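Student: I would like to learn how to read the features of a protein model one at a time. Please give the general idea before each case.

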Amino acid sequence: MGDFTDITFFGGANEVGRNCLLVEDGRANLLLDAGVKLGEKDEYPLISNDMVRRLHRIAISHTHLDHVGYLPHMYAKGCRAEVYSTKPTHDLTQLLLADYLRINRGMKFSNNDIIKAMKMWKMVEYGEVVGDKLKFSFHKSGHILGSSMVLIGGSSRLLFSSDVNDRETKLLDPGEKNLVAENLIIESTYGAPSDQLPTLKSASKMLCDSINRTIKKGGKVLIPSFAVGRAQEILFILESYMSSGVLEQVPIFVDGMILKANRIYRQNVIYARDEIQKRILMSDDDPFKSKFFHTPKTKDRSDVLKAGSAIIVSTSGMLTGGPVLHYLKKLAGDSNNLLILVGYQAEGTLGRKLLDGERRIMIDGREIELKMGVEQAHFSAHADYKGLLDIVRSMRKLKKVFVMHGEGEKPKKLGEAIQNMGYEVILPRNGESFRI
Ligand SMILES: [Zn+2]
Ligand SMILES: [Zn+2]
C-alpha cells in the first residue's frame, strides 16, 4: 500500500442497501461491492459515471442485490474494471442478475452488460492474495455460499466485513475470526443491544412445531424465501427434521428461482460445511435430491394446491413478486393454512405489512382478506449484536472501526458499544471520504 489510503462511501452507510465503497491509494483503486436498494427512491449508489470508468478492480463480497445489483449498470456506463469474487459468488451472480433484469422492466442496462461484467470476472479462492499495487484477499464470512470478507493491503490494513455471520449454519462454516487489520468496516444489520437472535436449534424447533400444528389441522404451510441463501438453509432444515421424524412427512414443494439456485449450490458444495460435502460426495445421502422435495408439475400449480397438507417454499422472500403471490392468493382464505416469514422484511413490502398486522391486502389489483395464520421464524444469516462485538474483539492490531449497513439507530448503537471497548469509531454518511 502507498503512504495513504482513502475510503469513500457511495452507498450502504446508515442504510441496508446499495452497498458500495471505494478504496484508493494514489496508485490503484478497488471498489468494494456494487449494490442497489430495491424499491426505494435512493436506488443507486452515488458513484459518478466518470469514477465508474476509472475503476481498476471490483471485489464482490456475495450474491445479494444490495451488494451486486449495480454491476451491470456500471458496465452499461463504460466500466472496464476486472471483477473478483469466489466461484459460488460468480455462479450465483449470473443467475441473480438475469432475474433482476427480467423482473424489472425499463432497466438502464441489457443482458449484454451482464455478459460484459461476467467476461471481466476473475474467480479466486479463499485466502488467495490478488491485485498488484493494491493487494486483497477473500475470507469466509458465513453469510451465504461463497460470501466473503475482503482484507485489503499486504500488511493487512483494512478488513471489510460485508454481511457476516459468526455462527455455524446448517450449510456453512462461521465467518473467519482473529484476522489482522488496523481498520475495520463492519455491518450493523442487527447492531442494537436488543438484537439477540435465537440459536439455530431453537429457531428450527419453533419452525417444526408450527408446521406440525398446521399439518395436524390439514392445512398447508407457505414459506416465502429469498432464492439465494435462506431457501437452501430452510430446505436443509426441513429435510433433516423430516428424515429424523421430528417433522410430519408431507411433500415439500419448491418453486421459483430457488430451483436454479439449488443447482448452483450443489455444484459448489465444496464451499459448504464439511459434513454437507461428505454427505453429498461420499455417500448416496444427497439432501438436494431428497424424496421429500417436489416441483410443481402444472403451470397453474393446481397439483400443489390439490396435494392436501404440504409445505411450499417459494420466492420472493418479502412477497414483492414471484410465484409465492399466486399461492398466497389461493391459500389466504383458509384459517387452517399458515404463512411463515423466515427472512428480513423491509419497510414498504407486503411481508412487512403482514408482520405489522395488516390482513386486507392487494394482490394483482384485487383485495384479499387474509384468514390464514401469519408467523415469523427468526433465522438469520447475520451476526447479532453480541456476535458483531465478538468479531471486533477477536481482531488483532485493530484501531479504527467504520460502522455501516444498518437501518435507523443500529450503526450508532453498535458504534457506541465498540467505542466503549476502546476503539475509534466512525459512523460514515453516504458521499463521505476518509483517509486512514
Ligand atoms: Zn447479504
Ligand atoms: Zn447486505
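Tutor: The site of the zinc ion (ligand 1) is irregular, with angles of 93 to 166° among its four donor atoms. Donors are N, O and S atoms within 2.8 Å of the metal (3.2 Å for Na, K and Ca), and water is not among the atoms, so sites may look incomplete. This is a predicted model, in which local features need pLDDT of at least 70, side-chain atom pairs count only at pLDDT 80 or more, and totals for chains, interfaces and linings use all residues. Residues are numbered from 1 along each chain as its sequence is written, chains are lettered from A and ligands numbered from 1 in the order in which they are written, and side-chain values use heavy atoms, with hydrogens and water left out.

Student: Which residues coordinate the zinc ion (ligand 1)?

Tutor: H62 (NE2), H64 (ND1), H143 (NE2) and D163 (OD) do, at 2.2 to 2.4 Å. Along the chain these donors follow the spacing H-x1-H-x78-H-x19-D. H62 lies in the loop between β4 (57–59) and α2, and H143 in the loop between β7 (136–140) and β8 (148–152), so this pair ties together parts that are 81 residues apart in sequence. Helices (H or I, at least four residues) and strands (E, at least two) are DSSP runs, numbered from the N terminus.

Student: What are the protein donors of the zinc ion (ligand 2)?

Tutor: They are D66 (OD), H67 (NE2), D163 (OD) and H405 (NE2), lying 2.2 Å from the zinc ion (ligand 2). D163 coordinates both zinc ions, which are 3.5 Å apart. D66 lies in helix α2 (residues 65–68) and D163 in the loop between β9 (158–160) and β10 (183–187), so the pair ties together parts that are 97 residues apart in sequence.

Student: Are H62 and H143 buried or exposed?

Tutor: Buried means under 20% relative accessible area, exposed over 50%, and partly exposed in between (1.4 Å probe, protein chains only). H62 is buried, with a relative accessible area of 0%, and H143 is buried at 4%. D66 and D163 are buried as well.

Student: Where does a positive phi turn up in a residue that is not a glycine?

Tutor: One case is H405, with a positive phi of about 50°. H405 lies in the loop between β19 (400–404) and α14 (410–420) and is buried at 2% relative accessible area. S162 is another non-glycine residue with a positive phi of about 50°. S162 sits in the loop between β9 and β10, and its relative accessible area of 3% makes it buried.

Student: Which residues does a cis peptide bond join?

Tutor: T315 and S316, with omega about 5°. S316 is in the loop between β14 (311–314) and α11.

Student: What is H73 in contact with?

Tutor: Contact means heavy atoms within 4.5 Å. Apart from neighbours within four places in sequence, H73 is in contact with V36, Y44, Y100, M107 and F109. A polar contact is a pair of N or O atoms within 3.5 Å; within protein, one must be able to donate a hydrogen and the other to accept it, and residues adjacent in sequence count only if both atoms are side-chain atoms. The side chains of H73 and Y100 are joined by a polar contact of 3.0 Å. H73 belongs to helix α3 (residues 71–76) and counts as buried at 3% relative accessibility.

Student: How do helix α4 and helix α8 pack?

Tutor: Two packed helices are described by the angle between their axes and the distance between the axes. Axes are lines fitted to C-alpha atoms, for helices over the stretch in contact, and angles run from 0 to 180 degrees between N-to-C directions. Helix α4 (residues 87–103) and helix α8 (residues 258–267) pack at about 170°, with axes 10 Å apart. That makes α4 roughly antiparallel to α8; angles under 35 degrees count as roughly parallel, over 145 as roughly antiparallel, 65 to 115 as roughly perpendicular and the rest as oblique.

Notes
Four donors count as tetrahedral if all angles lie between 85 and 135 degrees; four count as square planar and six as octahedral if opposite donors are over 155 degrees apart and all others between 65 and 115; anything else is irregular.
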